[in-house]
Structure formats: C-alpha cells, structure tokens
Amino acid sequence: MKLKIDNLTKKYSDKVAVKDFSIEMTEGVYGLLGPNGAGKTTLMRMISDVLNPTSGKILVDNIDKNDLGENYRDLLGYLPQDMGYYKNFTAERFLKYVAALKDIDKKIAKKRIEELLKVVGLIDHKNKKIGKFSGGMKQRLGIAQALLNNPQILILDEPTSGLDPKERIRFRNLISDISKDRIIILSTHIVGDIEYIAKQVILIKDGQLIKASTGDILLKEMQGKVWKVEVEEKDIVKYEERYQVVNIMRKGDKVQLRILTNHKPEENAIDVEANFEDMYMHYFNEKIE
Ligand SMILES: Nc1ncnc2c1ncn2[C@@H]1O[C@H](COP(=O)(O)OP(=O)(O)OP(=O)(O)O)[C@@H](O)[C@H]1O
Ligand SMILES: [Mg+2]
C-alpha cells in the first residue's frame, strides 16, 4: 500500500500550522520528529480524517481519500495525543465500547479484544478500572483501541509520553511486532523512541518537512559535525557562547565538552561519531528531554 501526502497545508486564521507537506509512505514505521508546535498533531489529525486540510491531498494507492469515503476510515487506527478515558470503565468494557463506535460486529469484536489485550499485555487487567491504570497501561490500552479494526494505517500521536524507560522498551517492541504489514506513523520528541524501529525519520519544524530519511543516512550526514574537546572549567562559558554544546562531562579537574560545529573547533578537538540526540540538536537546536 502507498500513502501519499500531497502538498498538505493547514491554516488556522493567521497561523500556518502545516505548510506544503509532501511525503510517500509504504509499510513500516515512520517516526515524526519535531519540537513543540512543529505541526505533528495537525498533520496526524488531517491524515486521521478528523481535521480538514486547507489545501492539498491524501491518496491511498493513488486514490484520493475523499473518493474512498468510509473505506478510508476503515483503513485507519488513531491514538490521539490527548486520548480521553472513562475512569470507571474496565479495559475490556472500554474496548467493547470503541468497537461498537467503529461498528465492528459483536462476535468478531469479542475475539479481537481478547487477542489485543494479550498483544498489549493487559489480559490480566481486563477487568480492572482504567482509573487505576498507570500511564503506560493507559497508552497500551490506547494502542489496543486503535488496532481494533486491524488498520492498515496506524497513527500514534506521542504514544510514549509519560512512560518510564521500561515501559518505553516494551512499547518499542510492541510497535516493531505489529509493523510488518501496515504503515505506522508515530510522533515524538524523544529520539530514543524511534531510533531503532523507524524505517524513516521525518523531521518537521514550523509546519514544514525539513528532511525524511533513514536513521543511518541522517547520522552519516552528521559526520564531521560532532566534536569532543577537553577544556578548563573556567572556559566552559566561552565555548557555550561560540558553539552549540550538547554535553558537558567532568573528567578529573578537566571538563569534556561535546559540541556541534561544521569545522574543527580547535587543534586538539576529536571528531566523534554522531548519535540521534546530536542530530536532533543539529536540526532543532533544542534541549533534549
Ligand atoms: N485549533 C488551533 N487553532 C489555532 N492554532 C492552532 C490550533 N491547533 C494548533 N495550532 C497551532 O499550530 C501549530 C502546530 O501545532 P501542533 O499541535 O500541530 O504541534 P505539535 O508538533 O503537535 O506540538 P506538540 O509537540 O506540542 O504536541 C502550533 O503553533 C499551534 O499553536
Ligand atoms: Mg502534538
């Protein structure tokens, strides 16, 4: 399957939230990476058919989604950034409720819910009230509801926010497992979430596509841009004024700085291999969370 985003634009009165955004996707995981306000949610809501674009098109195998009508919705699974839950619902009841909204046959839904509760590791908690769930459990339930109709296009808006490191790893493995025969688009501003699982990383800033490429290529392009220098404590400020310092590490009475710059900053500087965080800082010039 091919999902084509063609010159998509969204304007809110005077604010252009997404601008001339174009990309083509096939099966696999796409990591949408960008800082707060970049336009990730706006883009995902348009793809999820809950927000109308100001201009531009979304096509599946070259057919405009507007011509597909309900058939387009049937292809979709969506986990919104701010998914609301009924605290008094149990996990199972909540999934039954969503299945009914999606018009899934009761018998089929029952079986599917059982399967999905296993996939997301909540089968032992199916009769527990959502109000008693941890953040990670809620996110996994959110993924389960998005998967109910076995969607070909799965859209997850910041699915890992609020998860602890252990839950993050578990989540990554889950996404990897279910990514074989579908397009998964997931947004985040945490680089580690997509470093290993994304087939392509899509960088978005100010509503525009900055770059879309494999992680390997993005890192290769960083060659010669990341440097280590050992400096005196008192000189740190001097370097911070001149360069983008991404890390400061104490080493005895000296300090080791990791800096981003296109040119060798000084004679003793060592050229080091870039990681995803360096790449993020290079494009977005933001503090890593
Ligand atoms: N309903 C709206 N009306 C006006 N402006 C909006 C609306 N929704 C979003 N925006 C603006 O559009 C821009 C993109 O917002 P969006 O929520 O898509 O960003 P995001 O990348 O998802 O950010 P975050 O990482 O914080 O979730 C922001 O400047 C935001 O303030
Ligand atoms: Mg958002």
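Is threonine 41 buried, partly exposed or exposed, and what is its relative accessible area? In this predicted model, threonine 41 has a relative accessible area of 25%. Buried means under 20% and exposed means over 50%, so threonine 41 falls in between and counts as partly exposed.

Threonine 41 is also a place to begin with the metal site. The magnesium ion, ligand 2, is coordinated by OG1 of Thr41 and OE1 of Gln81, at 1.9 to 2.2 Å. These two residues come from distant parts of the chain, 40 residues apart. Threonine 41 belongs to helix H1, which covers residues 40-47, while glutamine 81 sits in the loop between E6 and H4. Glutamine 81 is partly exposed as well, with a relative accessible area of 40%.

The protein chain contains 11 helices and 14 strands. Its C-alpha atoms fill a box of roughly 70 × 45 × 35 Å along the principal axes. The domain assignment divides the chain into domain 1, residues 3-220, and domain 2, residues 226-272. Taken over C-alpha atoms, the centres of domain 1 and domain 2 are 39 Å apart.

Of the 289 residues of the chain, 49% count as buried. The accessible surface comes to about 15,100 Å², and carbon and sulfur atoms account for 45% of that surface. Among contacts between residues at least 6 apart in sequence, 68% join residues that are at least 24 apart.

The next topic is the aromatic rings. A search of the whole structure finds six aromatic pairs. In one of them, the rings of tyrosine 86 and tyrosine 97 have their centres 5.6 Å apart and their planes at 90°, so this pair is edge-to-face. Tyrosine 86 lies in the loop between strand E6 (76-79) and helix H4 (91-101), and tyrosine 97 lies in helix H4, so the pair ties together parts that are 11 residues apart in sequence. Tyrosine 86 is partly exposed at 43% relative accessible area, and tyrosine 97 is partly exposed at 32%.

Tyrosine 97 also pairs with phenylalanine 89. That pair is edge-to-face too, with 5.7 Å from centre to centre and 85° between the planes. Phenylalanine 89 has a relative accessibility of 14%, so by the cut-off of 20% it counts as buried. Arginine 93 lies over the face of phenylalanine 89, at 4.1 Å from the ring centre.

The last stop is glutamine 145, in helix H6, which spans residues 135-147. With a relative accessibility of 4%, glutamine 145 counts as buried. Leaving aside neighbours within four places in sequence, glutamine 145 is in contact with Tyr78, Leu79, Pro80, Met83, Phe94, Leu95, Val98 and Lys102.

Notes. Residues are numbered from 1 along each chain as its sequence is written. Chains are lettered from A and ligands numbered from 1 in the order in which they are written. This is a predicted model: local features need pLDDT of at least 70, side-chain atom pairs count only at pLDDT 80 or more; totals for chains, interfaces and linings use all residues. Side-chain values use heavy atoms; hydrogens and water are left out. Rings of Phe, Tyr and Trp (its six-membered ring) pair if their centres lie within 6.5 Å; planes under 30 degrees apart count as stacked, over 60 as edge-to-face and the rest as tilted. Helices (H or I, at least four residues) and strands (E, at least two) are DSSP runs, numbered from the N terminus. Buried means under 20% relative accessible area, exposed over 50%, partly exposed in between (1.4 Å probe, protein chains only). A charge sits over a ring if NZ of Lys or CZ of Arg is within 6 Å of the ring centre and within 35 degrees of the ring normal. Contact means heavy atoms within 4.5 Å. Domain bounds come from an automatic or database domain assignment. Donors are N, O and S atoms within 2.8 Å of the metal (3.2 Å for Na, K and Ca); water is not among the atoms, so sites may look incomplete. Accessible areas come from the Shrake-Rupley method with a 1.4 Å probe; for residues, only the protein chains shown count as cover.
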